[in-house]
Amino acid sequence: MEKNMLFSQVKGLVHGGDYNPDQWLDRPDILAEDIRLMKKAGINSATLGVFSWSAYEPEEGEFHFEWLEEMIENLYQNGIYTVLSTPSGARPAWLDAAYPEAMRVDNRGLRNHHGVRHNHCMSSPKYREKAGIIDRKLAERFGSHPGVIMYHISNELGGECYCPLCVKRFQEYLAEKYDHDIEKLNRAWWTSFWSHHYNRFEQIEPPFQNGETSVMGLNMEWKRFTTWNMNDFMKHEINTLRSVTPDIPVTTNFMRLFDGLDYRKMALELDAVSWDNYPFFHNDWETLADTLADTAFQHTVMRGYKREKPFMVMESAPGLVNWHKYNKLKRPGVHKLACLQAIACGSDTVQYFQWRKGRGSYEQYHGAVVDHIGTDDTRVFREVAEVGEAMKKLAPVAGTLVKTRAAMLFDWDNRMAIRDARALSDETKQYEDTCIGIWKQFLKLGVEMDIIGSDEDLSRYDLVVAPMLYMLQKGAAENLKRFVERGGQLLATYFTGYVDTEQLCFLGGFPGDGLSELFGIVSEEIDTYYPSDRNHIRLEDGSLWEVVDYAEVLRVKDAKVLAEYTEDYYADTAALTCKEYGRGKAYYMAARVKPKEMMPLFEKMLADAQIPVKKLPEGVELHVRTGEEGAYAFYLNGSPETVEIADVEGVDMLTGAGIQGTLTLPGYGVAVLALAKQ
């Protein structure tokens, strides 16, 4: 058994999802049928109680857990384990009626009414008290049950609260951070501009919609505080559970590139990272292969929070969702492809929202394994059952890891700072798209690339790409220098090293904090292009790359010029440089070009890093997971066309067929090859 297994009880991959039996307590026939159908679909886990507070505690202090106890036991007797959720994501009406201070205040200063979900104040002592009571009772009642394998904290944590409790807590947070020295804060936030100087911490308000929003330091610290405060609330729930049952692991479900919280900080408190995967399948702005590649990026972000353990897909739609702008059906075969992509990228689970569609309310039309028709002969049910069979065959993959030698730096503070900066163009900054676009090109070369923070350990990597690293974390510059000095291949781009963690510009030229020495250049100016503007850069071999959106004007100190601009007043000046630093190389791309045009540069860097490349047919992904028992190569065809992949060897775990030479994949096909142990 692999040492990194998430659940020793399951002894394989987890296939399950959110189950809401409390919505069907008046239909014992349906509850009995659900058990039968789960077994037929290959379901071995169910997430219970995500929004069940009013079923647990219909009136304050009146608790009813009998139905939950019966359900956990019935599931367990049928080989289905329980992920038990705390219900704090949505509160009963009695709680808000009795304790209105537990409800949030919005950024206009208005108190919310009861309703929806995540409407609670994270700072509220009363809300923490009530959540703690219900959490403790759940742990005491069910923590010793052998069927309970994990706690799921709340649900999709997010949002901000501007109530007096949170404002006071924010002021205390700032006082602690700035050593109770208000002048230290004033210097860090440059409050002399527009006469925004503070005399006391008590004068500081959050960035209300009708208040102060022009101080970048304030905006950033409010975001950091929101993460800190949400994390503190989450830890309150975790600590309550662990005080009763310290050995049951905990998780909470993250959301794509959600920008409201810095998940990297929150992941430190979790035993496993999980997230909710809802791609925009079959949209009209990209191919399915592009949608899948974007999803692979999202999986990789989640994998990066805890690289020494598999992550989890906590939610996905077995069919469609009900909240996209256009709720498109997944086409036949795409469900299996998407599920096995999650496994390929490092997940040990495929879980759904939800098991059975509800009859009413907001998500009555959200996809589910069992539709309103209630039968097992639907296309969706058959495809879920097919995934269940595939996951049984892939049980040996559980606990293995994706191990890479390349990484992309992607910081939450950096993306917030770029978004807030009054610079460039709000229409074309596109930090996230820039990172994803570059990352996809490496994927086309069969190269896995981790996504990590700029201040994280780089010793395991031989190649690092750092797009638009506008804000430098403390120690990030030295981190990059050490990486290149020992032989690493580094690529940075325009808009790198402009500000520190307080968003104060570095003096002495960009990129700052010593990075100018590393790259051997200074950026004097950055030009923002209108959509109609164009320029080009000419490489040493005479090839041209088109410039769009942004172009920096460089002063070259001791770097080699690899490409020059061809037009405008900065024609014949450097656009792409490389400096040898120690045993490595530091490349600087001063202009935005389409990532696919940069492929020759990526291939050169990979060759110098001695990272193997496998060029794949258009739309095909390759991911490899490695463990103590061997390695497993996942080939996924995101194209509707049959493709052939050369130089492939191994045994397909899904079919049992041996492959030696050419692998033929049908449209939307998947092959998982057990590779010969080296």
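## Basis of the model

Helices (H or I, at least four residues) and strands (E, at least two) are DSSP runs, numbered from the N terminus. The model is predicted: local features need pLDDT of at least 70, side-chain atom pairs count only at pLDDT 80 or more, and totals for chains, interfaces and linings use all residues. Residues are numbered from 1 along each chain as its sequence is written, and side-chain values use heavy atoms, with hydrogens and water left out.

## Cis peptides and positive phi

Most residues other than glycine have a negative phi, and most peptide bonds are trans. Here are some exceptions. A cis peptide bond links Phe 510 to Pro 511, with omega about -5°. Pro 511 sits in the loop between β13 (489-493) and α16 (515-519). Another cis bond joins Phe 353 and Gln 354, with omega about 10°. Gln 354 belongs to the loop between β9 and α12.

Arg 256 is not a glycine, yet its phi is positive, about 25°. Arg 256 lies in the loop between β6 and α9. Its relative accessible area is 22%, so Arg 256 is partly exposed (buried means under 20% relative accessible area, exposed over 50%, partly exposed in between, with a 1.4 Å probe and protein chains only). Leu 424 also has a positive phi, near 55°. Leu 424 is in the loop between α13 and α14.

## The parallel sheet

Nine strands form an open sheet with parallel pairing, in the order β5-β4-β3-β2-β1-β9-β8-β7-β6. The edges are β5 (250-251) and β6 (253-255); each has a single partner strand, so one side of each has no neighbour in the sheet. Two strands pair if DSSP finds at least two bridges between them.

Strands β1 (residues 14-19) and β2 (residues 45-48) run parallel, joined by four bridges. Tyr 19 has Leu 48 of β2 as its bridge partner.

## Strand β25 and its partners

Four of the five residues of β25 (residues 670-674) are buried, and the strand is mostly covered. β25 pairs with β22 (residues 630-637) in the antiparallel sense over five bridges. Ala 671 in β25 is the bridge partner of Tyr 635.

β25 also pairs with β23 (residues 643-652), again antiparallel, over two bridges. Here Ala 674 of β25 partners Val 651.

## Helix α13

How many of the nine residues of α13 (residues 412-420) are buried? Eight are, so the helix is largely enclosed by the rest of the structure. The buried residues are Trp 412, Asp 413, Asn 414, Arg 415, Met 416, Ala 417, Ile 418 and Asp 420. Their cover includes α8 (216-244), α9 (263-267), α10 (288-305) and α14 (431-444).

## Two loop lysines

Lys 306 is in the loop between α10 and β8 (311-316). Lys 306 counts as partly exposed, at 22% relative accessibility. Beyond its neighbours within four places in sequence, Lys 306 contacts Ala 267, Leu 268, Leu 270, Asp 271, Ala 272 and Val 273 (contact means heavy atoms within 4.5 Å). Its side chain reaches the backbone oxygen of Ala 267 at 3.1 Å. A polar atom of the Lys 306 side chain also lies 3.0 Å from the backbone oxygen of Leu 270.

Lys 357 is in the loop between β9 (347-352) and α12 (379-393). Lys 357 is buried, with a relative accessible area of 11%. Its side chain makes a polar contact with the side chain of Asp 371 at 3.1 Å. A polar contact is a pair of N or O atoms within 3.5 Å; within protein, one must be able to donate a hydrogen and the other to accept it, and residues adjacent in sequence count only if both atoms are side-chain atoms. Leaving aside neighbours within four places in sequence, the contacts of Lys 357 include Trp 24, Tyr 365 and His 372.

## Pockets

The largest pocket holds about 940 Å³ of space. On a 1 Å grid over the protein atoms alone, a pocket is an open set of points where a 1.4 Å probe fits, with protein on both sides within 12 Å along at least five of seven lines; lining residues have an atom within 4 Å of a point. Grid points are joined across faces, edges and corners, and a volume is the space filled by probe spheres set on the points. The largest pocket is lined by 30 residues; Phe 51, Arg 117, Phe 353, Tyr 362 and Glu 363 lie nearest its centre.

The second largest pocket has a volume of about 820 Å³. Its lining has 32 residues, with Asp 433, Ile 436, Gly 437, Lys 440 and Pro 595 closest to the centre. α14 gives the most to this lining, with nine residues.
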